[in-house]
Amino acid sequence: MKKAGIIMIIGSLLLLGLFKFPLWNIVLGAPQYPDPLGMNIFINGIQGVEEFDLQNIDGLNHYIGMKTIPKPEEMWEFSVFPKVIIGMVILGVVIGFLGFLEKVSYKFFLGWFLLMSILGVLGMYDFNNWLIDYGSNLDPNAIIKVTNPDGTPMSYKPPLIGYQKLLNFDVDSWPHIGGYLMFVGMALTLVAFWLGRKITLKQTTQ
Amino acid sequence: MMKNKFKLSIGLMVAALAFTGCNNSSQTSNKGALGSSAAEKVFVAPGEHDSHYAFLSGGYSGNLTVYGLPSGRMFKEIPVFSQFPTNGYGYSEETKPMLETSFGFVPWDDSHHPDISQTNGELDGRWVFINGNNTPRIARISLTSFETEEIIEVPNSAGNHSSSFITENTEYVVAGTRFSVPVPQRDMSIKDYKGNFKGALTFISVDPEHGHMDIKFQVLMPGFNYDLSHPGRGKSHGWFFFTTYNTEEANSLLEVNASQNDKDFIAAINWKKIEEYVNNGGGTMMPANYAHNLHDEATHTATSTMKKEVRVVNPSEVPGAVYLLPTPKSPHGCDVDPSGEYIVGNGKLSANLTVHSFTKMLDAIENKKFDGDAYGIPILNFEDVLAGSVQQPGLGPLHTEFDGQGNAYTTFFISSEVVKWKLGTWEVLDRKPTYYSVGHLTIPGGNSRKPFGKYMFAMNKITKDRYLPTGPEMEHSAQLYDISGDKMEILLDFPTHGEPHYAAAIPAEIIKSKSKKIYRLDENEHPRKAISEADTKVVRDGKNVHIYMNMIRSHFTPDNIEGVKVGDKVFFHITNLEQDFDVPHGFAMIGARNAELLVSPGQTRTLTWEPQQVGVWPFYCTDFCSALHQEMQGYVRVSPADSDIELSWSLGE
């Protein structure tokens with residue numbers, strides 16, 4: 001159970017990577033942009049991959065009537081997400097430490113994982129809602145209006161995950177280092193659960 | 001009678017040597033056909049980059065062109081000494097001061113010899129310098145912005161030809177005068193040239209951090225013509241070598257009268273010694289009048305300052321600083337090999353190439369092996385400084401470059417070829433024709449301690465049938481050769497712009513990553529910038545109307561302006577708000593009698609317009625910037641001079 005506790009602590013601590021590295025990354029390439037424009041989505045705000053990428057994305061988006069990319073203070077998520085992550089890290093470390101001291105059951109590890117998963121899915125849902133709004137809530141006086149074959153306005157929503165072609169842009173949306181560290185951390189808490197369960201079962205059968 | 005005899009003897013010599021030249025060249029293939037392997041060697045696939053930059057002087061265009069090797073594609077023409085309506089250089093208020101001289105505004109020149117800055121004798125790729133030959137000037141071009149940053153005029157000089165060559169740590173950029181002139185200039189009989197005219201060799205210090213140029217001293221040499229020069233390097237660092245012709249000091253019909261002496265000189269200048277002399281208060285400050293023009297990247301604005309004095313040094317007063325090395329027959333190119341030991345004097349009327357030894361020169365100086373003096377400057381004994389000579393390599397040798405493998409490559413104008421020969425043994429190894437009548441040649445780093453070899457290109461004076469004919473006036477031609485093997489292989493034939501004299505080339509890796517993409521708006525210190533909509537305004541100051549305007553895809557702010565009157569002088573101060581690579585905007589005003597503007601991202605430029613007629617007059621963006629480029633336009637309403645319409649301006653109302 002000592003080993004499981006340590007793995008639980010390490011797994012939780014990996015979430016701290018989100019404060020240093022982007023959670024997600026969206027890259028926009030086009031014939032005119034051989035060096036693609038890109039945005040890194042951190043839990044506390046959106047930054048350009050290169051210094052002037054956001055300004056240039058906004059500059060291009062004004063043609064199709066998209067709103068500018070939000071500043072941290074324009075979205076509540078960017079102040080709440082860091083608190084949630086810090087809370088989950090503290091909770092995970094405490095559970096891991098108590099597990100190490102064999103004060104709590106391995107089931108708490110699974111509990112943490114499930115809570116984190118629910119929060120993660122809610123976060124993704126929220127992020128996707130923003131993408132929908134960003135890509136389809138367009139200025140009615142936009143310079144260029146593109147419609148789908150059925151006459152409805154085209155949405156410029158970037159994919160939540162994966163690749164999509166939007167007009168002349170190739171859009172790729174994938175997790176970034178912070179996101180991968182979070183996934184590895186969450187996976188480690190599952191490992192901690194599995195290991196803790198194995199040891200505990202062994203102890204009870206003896 | 002004398003004259004005819006002379007012409008006849010030259011004619012015979014040319015005929016005799018042409019025969020020899022033919023015999024030699026028949027040993028190797030002289031066919032112009034390109035092998036398929038040559039095509040592969042110059043093929044740069046679409047989207048791929050060339051391996052080298054080449055900077056070719058523009059000659060009478062006054063500019064500098066940037067090419068890629070091995071493709072021979074031209075990437076850019078950088079305006080240096082000439083007004084350039086393409087982007088408004090020399091027309092915009094910010095750049096007009098760059099072309100100020102003591103003669104006033106001189107909007108053109110004849111640019112000759114680019115040279116790239118060096119550190120420890122190797123190309124460092126920070127700046128390229130080039131000389132204006134006609135109105136003596138030296139320019140410094142940044143290799144991050146690829147723009148001309150500084151131009152300094154050279155006083156007491158005329159025909160700034162033996163320039164602009166730099167010492168191995170870019171301590172100095174050196175400018176020698178082709179014409180000797182009265183110093184100071186004065187009203188005197190031309191016939192009194194001999195003994196009275198002077199040839200100024202100018203050492204311009206280069207600030208190691210910013211590159212700023214300042215004349216440290218001028219050596220006032222005898223009234224010869226100083227043709228070309230090169231720095232000593234390695235063991236000869238601290239010396240500078242100049243070829244001379246017209247040591248006869250003729251002032252008329254030079255083609256005959258300056259070709260009489262069997263030998264002219266290479267002047268060897270120990271600049272370190274003169275620098276020490278000057279640092280200790282040597283030389284005299286003489287009144288002068290010359291322009292120093294500096295473009296500031298932060299303010300995007302050039303200023304011109306007239307300097308009023310220059311330090312001159314009489315060489316006979318600095319013992320041991322200057323010596324003359326006899327060199328046959330009006331030498332043209334003066335080239336120093338990578339080790340610094342050999343100084344090649346390309347005697348253009350000589351049948352042989354003369355090579356001096358630096359070691360022997362020092363020895364001759366030490367043992368005072370002098371053969372008289374000229375105006376107090378010791379002449380060294382020819383045999384005592386001679387390292388060797390290349391026997392009858394061709395006709396009309398002009399310039400030599402080096403590959404760093406112990407080989408030298410010399411151009412021959414009359415026999416129209418490049419000859420490869422070996423340093424030390426002086427044997428001819430190979431020869432290849434050029435098309436036609438080659439002047440300079442360039443090997444990347446060929447004027448440094450570390451040539452990069454691989455490529456050599458020859459820049460020709462005569463094109464004739466090489467390309468599709470384009471009327472009586474044609475661009476010159478250049479040929480690229482692969483010199484990595486024992487024999488030179490011609491790879492490519494490409495046209496050049498203006499008249500390239502010398503060129504400097506450098507591996508692309510050294511500079512390409514440092515090439516600027518934008519100017520930062522947050523570093524723009526132009527006093528009339530408008531970096532936000534709130535900064536845009538129109539201000540009247542008497543008859544002057546200042547329009548603070550900016551532009552971003554795809555509009556000008558403001559784009560409707562009223563209250564301008566006939567007789568006003570309108571200044572459009574335009575800031576490009578883009579911070580995206582390769583998104584310049586243009587600005588063109590109907591009836592503008594100067595030029596258009598091309599404004600780079602983050603830059604501010606000013607165009608002056610003097611409206612002549614009442615009406616509503618349009619302006620627009622000239623650079624196809626975006627899908628809505630054609631919509632990027634506006635109007636200025638011009639009212640009669642006595643109108644009382646107030647200034648107003650707007651966007652989107």
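In chain B, one aromatic cluster is formed by B:Tyr172, B:Phe203, B:Phe217, B:Phe240, B:Phe242 and B:Trp271. The structure is a predicted model, in which local features require pLDDT of at least 70, side-chain atom pairs count only at pLDDT 80 or more, and totals for chains, interfaces and linings use all residues. Residues are numbered from 1 along each chain as its sequence is written, chains are lettered from A and ligands numbered from 1 in the order in which they are written, and side-chain values use heavy atoms, with hydrogens and water left out.

Rings of Phe, Tyr and Trp (its six-membered ring) were paired if their centres lie within 6.5 Å, with planes under 30 degrees apart classed as stacked, over 60 as edge-to-face and the rest as tilted. By this rule, 33 aromatic pairs are counted over all chains. One pair is formed by B:Tyr342 and B:Trp426, and it is edge-to-face because the planes stand at 85 degrees, with the ring centres 5.2 Å apart. B:Tyr342 belongs to strand 21 (residues 342-347) and B:Trp426 to the loop between strand 28 (417-422) and strand 29 (428-433) of chain B, so this pair ties together parts that are 84 residues apart in sequence. Strands (E, at least two residues) and helices (H or I, at least four) are DSSP runs numbered from the N terminus. Both B:Tyr342 and B:Trp426 are buried; this class means under 20% relative accessible area, whereas exposed means over 50% and partly exposed lies in between (1.4 Å probe, protein chains only).

A tilted pair is formed by B:Phe587 and B:Phe619, at 5.4 Å centre to centre and 40 degrees between the planes. Since B:Phe587 lies in strand 40 (residues 585-589) and B:Phe619 in strand 43 (residues 615-620) of chain B, the pair ties together parts that are 32 residues apart in sequence. B:Phe587 is buried at 0% relative accessibility, and B:Phe619 is likewise buried at 0%.

Most residues other than glycine have a negative phi, and most peptide bonds are trans. The bond from B:Tyr435 to B:Tyr436 is cis, with omega near -15 degrees, and B:Tyr436 is located in the loop between strand 29 and strand 30 (438-442) of chain B. B:Tyr435 and B:Tyr436 are among the residues touched by B:Arg466, together with B:Ser477, B:Gln479 and B:Asp493, when residues up to four places away in sequence are not counted; contact means heavy atoms within 4.5 Å. B:Arg466 and B:Tyr436 are 30 residues apart in sequence, with a C-alpha to C-alpha distance of 8.9 Å. B:Arg466 itself occupies the loop between strand 31 (455-460) and strand 32 (476-482) of chain B and is partly exposed, at a relative accessible area of 27%. The peptide bond from B:Ser163 to B:Ser164 is also cis, with omega near -10 degrees, and B:Ser164 is placed in strand 10 (residues 162-166) of chain B.

Positive phi values occur at two non-glycine residues described here. B:Phe146, with phi of about 55 degrees, is found in the loop between strand 8 (137-142) and strand 9 (148-153) of chain B and is buried at 8% relative accessibility. B:Asp582, with phi of about 60 degrees, is found in the loop between strand 39 (569-576) and strand 40 of chain B and is exposed at 61%.
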